[in-house]
Amino acid sequence: MSDEVIDANFGEHGLTPEDSTWLRVRGVGQPIGTYQDPAPADLSAAQGLPRTYIACAGDPGGPPHLPGLEVITLDAGHWPMITEPELLARTPDKAAR
């Protein structure tokens, strides 16, 4: 993926040139099935459990609007695992508490 594609499609991503190089070497495409396949039926039993969505402020678009969904927005771009790894690692732990 070129820097031009990254810049055009992933908003204020916050990647440095070094980050972009690292991502191009290690990144792989998103499997299309994650967008097309329905959630497994056994997940419907978990409807009463709390749900949290971690959004990134620099990402284009926004989080899904679902009832009962807590949204935590990180001050990061599309790849917080590269630009804000400590913040990203702390967020699920904080949400679970």
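**Entry 1: contacts and overall layout**

I looked up the contacts of the protein chain with a separation of 6 or more, and residues 24 or more positions apart account for 34% of them. I keep in mind throughout that this is a predicted model.

I then went through the secondary structure, which comes to five helices and two strands, and wrote down the order of the elements from the N terminus as α-α-α-β-β-α-α. For the dimensions I took the principal axes, along which the C-alpha atoms fill a box of roughly 45 × 30 × 20 Å.

Next I checked the surface: the protein chain exposes about 7300 Å², and carbon and sulfur atoms supply 57% of that area. Of the 97 residues in the chain, 20% are buried.

**Entry 2: the nonpolar core**

Which residues make up the largest nonpolar core? I found six residues listed there, namely I6, F10, L15, L23, W79 and I82. I noted beside this that nonpolar side chains in soluble globular proteins tend to be buried together.

**Entry 3: the aromatic pair**

I searched for aromatic pairs and found that the structure holds one. F10 and W79 form this pair, which is tilted, with 4.6 Å from centre to centre and 50 degrees between the planes. Why does the pair tie together parts that are apart in sequence? F10 lies in the loop between α1 (3-9) and α2 (17-26), whereas W79 lies in the loop between β2 (69-74) and α4 (80-83), so the pair links parts that are 69 residues apart in sequence.

I also looked up how accessible the two partners are, with under 20% relative accessible area as the cut-off for buried. F10 has 18% relative accessibility and therefore counts as buried, and W79 is buried too, with a relative accessible area of 10%.

**Entry 4: helix α2 and S20**

Which residues of α2 are buried? I found D19, S20 and L23, and because they cover an arc of only 100 degrees around the axis, they sit on the same side of α2. On the other side of this helix, P17, E18 and V25 are exposed. I followed the buried residues of α2 to their partners and saw that they pack against α1 and α4.

I then looked at S20 by itself, a residue of helix α2 with a relative accessible area of 5%, which makes it buried. Leaving aside the neighbours within four places in sequence, S20 is in contact with D3, I6 and L15.

**Entry 5: N9 in helix α1**

Is N9 buried or partly exposed? I placed N9 in helix α1 and found 46% relative accessibility, so N9 counts as partly exposed. The side chain of N9 reaches the backbone oxygen of V5 at 2.9 Å.

Finally, I compared N9 with V28, which is 19 residues away in sequence, and read a C-alpha to C-alpha distance of 16 Å in space.

Technical notes
Residues numbered from 1 in each chain as written. Predicted model: local features only at pLDDT ≥ 70, side-chain atom pairs only at ≥ 80, totals over all residues. Heavy atoms only, no water. Core = buried A, V, L, I, M, F, W, Y, C linked by side-chain atoms within 4.5 Å. Buried < 20%, exposed > 50% of the residue type's maximum accessible area, 1.4 Å probe, protein only. Phe/Tyr/Trp six-rings, centres within 6.5 Å; stacked < 30°, edge-to-face > 60°. Helix = DSSP H or I, 4+ residues; strand = E, 2+ residues; numbered from the N terminus. Polar contact = N/O pair within 3.5 Å; in protein donor to acceptor, adjacent residues only side chain to side chain. Contact = heavy atoms within 4.5 Å. Arc of directions from axis to C-beta. Areas by Shrake-Rupley, 256 points an atom, 1.4 Å probe, with all protein chains shown as cover.
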